[in-house]
Each structure stands twice: as structure tokens, then as C-alpha cells.
There are 2 protein chains.
Amino acid sequence: MFKDISVSGDAALLTDLYQLTMLQAYVAEGMTDTAVFDLFVRRLPESRNYLVACGLQDVLDYLEGVRFGPDALAYLDAQGLFGQAFLDYLAGFRFSGEVRAVPEGTAVFANEPILEVSAPLPEAQLVETFLLNQVHFQTVVASKAARVAWAAQGRTVVDFGLRRYHGIDAGLKAARASYIAGVHATSDVLAGKLYGIPITGTMAHSYVLAHDSELDAFSRFAECYPETVLLVDTYDTLEGVRKVVELARRLGGDFHVRAIRLDSGDLAALAIGARGILDEAGLTGVGIFASGDLDEHRIATLLARGAPINGFGVGTRMGVSADAPYLNSAYKLVSYAGRGRMKLSAAKSTLPGRKQVFRTTQGGRAVGDVIALDDESTGGRPLLRPVMEAGSRLPNASPTLDEVRRHWEEERAALPPSVLCLEPLDDPYPIEIGPGLAAERDRLIRSLSG
Amino acid sequence: MFKDISVSGDAALLTDLYQLTMLQAYVAEGMTDTAVFDLFVRRLPESRNYLVACGLQDVLDYLEGVRFGPDALAYLDAQGLFGQAFLDYLAGFRFSGEVRAVPEGTAVFANEPILEVSAPLPEAQLVETFLLNQVHFQTVVASKAARVAWAAQGRTVVDFGLRRYHGIDAGLKAARASYIAGVHATSDVLAGKLYGIPITGTMAHSYVLAHDSELDAFSRFAECYPETVLLVDTYDTLEGVRKVVELARRLGGDFHVRAIRLDSGDLAALAIGARGILDEAGLTGVGIFASGDLDEHRIATLLARGAPINGFGVGTRMGVSADAPYLNSAYKLVSYAGRGRMKLSAAKSTLPGRKQVFRTTQGGRAVGDVIALDDESTGGRPLLRPVMEAGSRLPNASPTLDEVRRHWEEERAALPPSVLCLEPLDDPYPIEIGPGLAAERDRLIRSLSG
């Protein structure tokens, strides 16, 4: 039934047509020397002070497995663009190159390579589209979710957004990216199964609507799930809270409802009102969970207004990264056949050659990065690490999801507090170009312009 | 390698956990009477005057095939939330209900049901998450792409965005949704194979960078693909155009290059400059193709400035619907056991009962819609049609992709020109509530509030 996404034999077709036409030309021209491509983000959106790198595991899975199956080759043959020699080349296509990357869950900034591919030119070129598709999207979501988790100041945040994320793959991987970035659980059952993310959920308005009365619905649901969360805003929120109190009176010692959920209206005022009603009834242990069009700014405002909210369900705005649904990502050739390459297009120029990012810390806090040539020693901790050689993933390149999540926790702890703030920085985090790289860039510009 | 998206046996887990906990409660309570749910969009974003319904084919595929495989059941069992009786129920789960829907490619407006599911309550509830995930996202993209295609005023528009769409499923289905909405082709090879969308492509900057000179790159590529499109902005755009002229001089009658592509800088000024250089060289048949951060507004501005551009490559901003990456979509219980249901939550109230949308036209143009009870005769063309009965797709519910695309063409031709404009309307397209539906709503409000 999911013929459109079960792409095993077709995985290699998840690319732009021009990759394949360029490949045929490269193969015909014998241009199969080693090419180096950098995947990076040119500029950060105004509303992002940092990015959280994400997507590497899918990249490595893809590079290890990318093949052209018989169906894929037949489809390409039918396009009338490709000769038999090239189709034969594709039939034997394997990715044989090496990859260096920053670990998932690493903080990255503008122009810093998130990953670097070194491979025979056709191989490095073909994989561009898939690598960007995964790293771009997952980094978009992780970077947004990190802000949401930060705004909640340690309170529980649950991903509720599968229904409005952009398709199935987005639904699954947004849950994963959000979890890496500090979100605690997801409502997405399949993401729970595939990635081992804790799954959780409450109840929907339809459950209340389907019953003859709200109290009846609460009573029935608590019977099935004693420690559940009851949704109280289907008709009138504070009346709904009073029905929870009524249920507690009826059940006495059998009342174990963990929390109520508010999903509409003025959440801060309703949370204060609900807290008052619950406390007055002695239900001080019943928490308040809030959801409904939330994002990091709304959470921060709710907490600033003193809303007694214990946890947040966040969906759409987080997983589609509503204020910045895309990044200015790029995958650019920086070296071919041992020579640095760069593009001069207006506002899109690139940094040539194999590079490394060095991060300097003082007192446990990052104070600035230097993007330098790979062999340029500028001090600081190098962020790019080898993760794949000769087309095979290195043993250290498969951290568990919880290891990745902890890595982001450590990264976050080492970022300057100003960078973590929700508001744009007046002085962005300092990124310098190493002197060797700057000299190489200037030399290339002169040679290209001359 | 795509274990995370090959979900055949796991398809039913593409849902929110609360659907399953509610299902268990419904089954335990014997609440399996017929429920009716509407899928609709509550409010249109400010930057949308209409929506283009999309996603129905995937909904029908899913409803016909949704199953809980052994792995899925084992995972659910391990959660400690579900009893054996319910797991047995899930093992035999099939969707047995009926669906009415507006055809894909139909213009829809706020609060109009895009589809309606009638089924035993647990079945209708479980499928909410997947139905929203697909219809929401695909409608988001089709509605954006329709604006892009409209702005191009008949010029070719090609989807270039796979690399920045939100994952694999988004990459494929955004290509499909864009094609339905009037885009002409895609660069996405797998979307071409799966959906039969024409695929096309040009060349990348990396191809130019990998060669020793731009002219060499052009010459080599045109040798492989005589009727290709050459990308001229890698170093200096107008110099690049002059190299195309130089190539034409060298090749003489063997020069068949179809167009040049501009991908950066002031596209209007560069297109005018490039047109001048090409025309002066007698290359009047060589077209100009433009790309780079385009959307409907930028295309309209380019054309208003008189830019001689023959086609547009549009990616990121279209397929992520950058200005409105989500809609206020909902899937709400409107009837259970033959009784209308509605939610009163602030700003989220719903319309009860089985409904129909009637569209009135005058002189071939739509002049207004009425949302009415299903059996309320208000005149006008009914938009919702039966597409599935007893869990099986009806014969008329599988139009070809090109039929869907033509349906949108007809719909577009029948919309008032003001609705098609890019700017928000002062007077939105008129949507009325039929008198019978209004009376039923008021009656329910009184009974719920009383």
C-alpha cells in the first residue's frame, strides 16, 4: 500500500534528474577523480542563533545501501537520455567514498561544514539530493525543537505533531529530531517503535463528544487508564475541571488521574483558574498539561505570566518549524582532483578545499569557532570526525539515540547563555575564517577573476 | 535500508497513541455505533484566498490496507497499556466504513469538509492521524503551488525542491501536489517514476566548477545533451552568457542548446542583459530559465519588470509552503449513533451532522458556497461525492493524475479572478451556512449549554 515510499530498489532515484545527466557526462569524460563536497548552511534564519545538526544516521544508511534496481534502470532507460554504457555503470553503482561529519546533536553555525563527502566525482555528486533532503529537514526540526525545550525550562515537552508534519517521513523523523533536541516523548506510535522514543498521549475531544456527558467520558476513561490525563476544554474549561473534581470525589482513593489538559482559550488564565479549583479540592497532585498552537515564544510567555503548567504538548509549529521552515543549505564542490574549487555567484560564494571546524572553549563555554583548512592548526576542538571510509560506516559512527540526545545536552550546556536565548543576538556567536583558508580563498578568487 | 519508512506491517502505528487508548476504551464500552468525522480547515491563512484539496488517493490506499502486523502488535503489547482482548481486536482490524470526499484538485474554503468518514467509532477514530497527515500536507503544497503556477502566467514551472522538502514522503508528494496544481514537471526522478510526472533538469554549479573552464564545461555538456539548458552564473553571469554565444559560434549548425539558466543575482536585470547578448548573436531561439529562491511574488515581480524569462525552476518556498507551512486543519466528530455532536471550545467550535457543500455558479464562475445538512436542498453543485463504501474504493474514485490536474484547471477557470489574485481579498469568497444546518447547530448549542 505504501508503494510510493517503499523505495528499496528505487532508492537511488531519490535524486534530481540533473545529477544523473551530469553523472553520465562525468563518466563519459573520465572525470572520476576524487571530489570533495561540503554540506553546510550559508546563513542562519534571523530567528535562529544556532543550529542542531541532525540527519547523519539516515545519510550513512543511504550511502551504505544506495543501489539502482532493475525497475529503476528500466525507468531511466525509457527516458531516452542515457546510453547502455552508463546504465551498466549505474547497475554496478556503489558509494565507495569517505565521509567526515559533526556528530548528530552538535551545535553548528553559518558556513560550517555539517558533513564532508570525499569520493569519485560521480558518486559524490549523485548523493547530493538525498543528503540535503535528510540533513536539511532534520536540522531544521532539531534546531526549532531545541528552542522549544529550552523555553520549557525543564518541564516535560511532548511532540504531538504527526498529523500536521509534512508527510510520513517527516512525521517519523521530526519525532526523532525533537527527541534529540530535548523533547521528552512523542505521541507518534511508529516513531516510538522505530526509534525507541517514549510514547505518551492523553485523550481527544471526540472521546468526550461521543459520550452522553463529559463526566461520563472522564469516568469511563479513568476506569480504563487510572493514571491518565483528562482533556477538560471540550465545552467549558473550568466546568470541565470541576467535573474532574467531581470524579475525584466519587472515586475517592481510587482516583489516580495524573493531570488535566487545556487545549484552547487563554491558557495562562485557565491554568491559574484550574490550579485554584484543583488545589481547593485537595487535588494538589494533579498536574496541568497545556497544548494548542504552542511554540517556544508562547511557552515562554505562559511561564512569564506565572502559569502553573507542568508540561506542554507541542506539535505543528515545532515540527514544521513554522517561523523558519527551511534553511539556506548547500552541498558544494570544494575540491576536485586535489585542487580547491569555489563558486563566485553573488551572495553564494563558497570556501574552497578540505576544511575543519575548531571550537574554542573557556571555562566550559564555547567562545568562538574557526573554519580552517583541514591541516591548519588553529587550536580548539575539531568538530568534524571520520564516520565512513571506503563506503563503510566506522564503528564509532552509530551512537544510540539516547547517546545523541545526551550529546546535545552537553553541547547546549557549553553554549553561551546569550546564544540559547529566543531573541536574535546583536553580536552573533563568533565564526572566523582561519588564515590559511582565507589565503587559499583569496588566491583562488584572483586566479578565477584573472 | 529504509526500515524507517517501509511500514507495510506497521502502517497502523502511524497514529497518535491516544487513538489507540481511546479505541480500547470504545471497544470495552461497546461504543461501536457509526461515527461521522469531517476533515476540514478552520481558517485560511491570510495569504491564501482558496485551497486546492489534495491527498485523497493516499487516504484511500491507506484505508484499504491498514493492518496491525505481528511486530506492531508485539510493540503495543510491550507498552503495558493494552489487554489481550483489545490486541485481538486490533489483529483483526479492517476499515469497513464509507468515505465521501471532494475530488483532488477541487477548490475548497474554510470549514468546508474536504472528506467525511462514516464508520464504526473505533475505525473512524484510529485513522484520524494518517488522514490529517496526508490531506493536510498535500493540500498545503497544492494550494501554494497553484499560486506559483498562476503567477507564471502560462510559462513553464518546474519543481526543483526535493532537496529541501521535509523528508522523502514530502519530496515525492510535493512533486505530485505541485503537478496537480499546474506545475509542469519535476526534477525528482522517483516522483517521475511513481506518478508519471514529466522529469526535467539542467546542470549544477559543481559541473562547471569541476571543469577547468566554464566554456569547457558547456561544450562537454552540450556534446552529451545537445538540447540542454546551460547554467551561466557560476562565476559572472553575463560572461557566462557570452561563453554560450562562443559555443554557438564554434558549433554552428550543431548548436541546439535550448536555454540558459540564471540562478542568482538580480534575475530581471540579468535576464534583460542575457536576452540582449543572445539576440545580438542571433540566438533568439535560446530561452531563459530562472531559478533561485523563487515564489509566486518574486515571479510576479520579475514579470512585472518585463524580465524576458521563459520558465521558472521553483523549489523550497513552494514545496514547504514557506509563508504558510501549515493549515488549521481538523478532523472532528460531527455525529455519533445518529445524533449530531459539536465542540464548543473557544474559536474551535464545529458544525454538527452529515453535511454537503453546494457551489453556485453564474456564467461559469463560482459565486458562493453553502455548507448545509446533507439532505438540505439549497441549490448549487454538491462537492462531496462517495468514494469508498464498506471499506472498498468505488470505481469512479481513481482518476489518473492527469485527470486530477485537468480537474484543477477547470476549477481554476471557474474561480472568480479576484480569488486567484496573490493579494488577500477584502471580501473573501462567500461561504454561507444553510438554514437547516444553522438551526441544528443552534439547537445543539442550547442543549449543550442548558
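The centres of domain 1 of chain A and domain 2 of chain A, taken over C-alpha atoms, are separated by 38 Å. Domain 1 covers 8-142 + 327-449 and domain 2 covers 147-319, with bounds that come from an automatic or database domain assignment. This is a predicted model, in which local features need pLDDT of at least 70 and side-chain atom pairs count only at pLDDT 80 or more, while totals for chains, interfaces and linings use all residues. Residues are numbered from 1 along each chain as its sequence is written, and chains are lettered from A and ligands numbered from 1 in the order in which they are written.

Where the two domains meet, 14 residues of domain 1 of chain A are in contact with 19 residues of domain 2 of chain A; contact requires C-beta atoms, placed from the backbone, within 7 Å. On the domain 1 side, helix H6 (128-151) and helix H15 (401-413) of chain A each supply at least two residues. Helices here are DSSP runs of H or I with at least four residues, strands are runs of E with at least two, and both are numbered from the N terminus. That side of domain 1 has ten nonpolar, two polar and two charged residues. Nonpolar refers to Ala, Val, Leu, Ile, Met, Phe, Trp, Tyr, Cys and Pro, charged to Asp, Glu, Lys and Arg, and polar to the others, Gly among them.

Let me turn to chain A as a whole. Chain A holds 17 helices and 19 strands, and its C-alpha atoms fill a box of roughly 80 × 55 × 40 Å along the principal axes. Of its 450 residues, 56% count as buried. A residue is buried if 20 or more other C-beta atoms lie within 10 Å of its own, exposed if 12 or fewer, and partly exposed in between.

Gly319(A), in helix H14 (residues 316-319) of chain A, is buried because 34 other C-beta atoms lie within 10 Å. Beyond its neighbours within four places in sequence, Gly319(A) is in contact with Val141(A), Asp159(A), Gly161(A), Tyr165(A), Ala174(A) and Ser178(A).

Next, the two chains together. Contacts between them involve 91 residues of chain B and 91 residues of chain A. On the chain B side, helix H1 (residues 17-29) of chain B gives the largest share, nine residues. The chain B side divides into 48 nonpolar, 25 polar and 18 charged residues.

One helix pair crosses between the chains. The axes of helix H1 (residues 17-29) of chain A and helix H10 (residues 214-224) of chain B come within 10 Å and cross at roughly 105°. H1(A) is therefore roughly perpendicular to H10(B), a term for angles of 65 to 115 degrees. Here Gln24(A), Ala25(A), Ala28(A) and Glu29(A) meet Arg220(B), Phe221(B) and Cys224(B).

Tyr165(B) lies in the loop between strand S6 (156-159) and helix H7 (168-180) of chain B. Tyr165(B) and Gly319(B) are 154 residues apart in sequence, yet 6.0 Å apart in space, C-alpha to C-alpha.

Terms used: Axes fitted to C-alpha atoms, helices over the stretch in contact; angles between N-to-C directions. Parallel < 35°, antiparallel > 145°, perpendicular 65-115°, else oblique.
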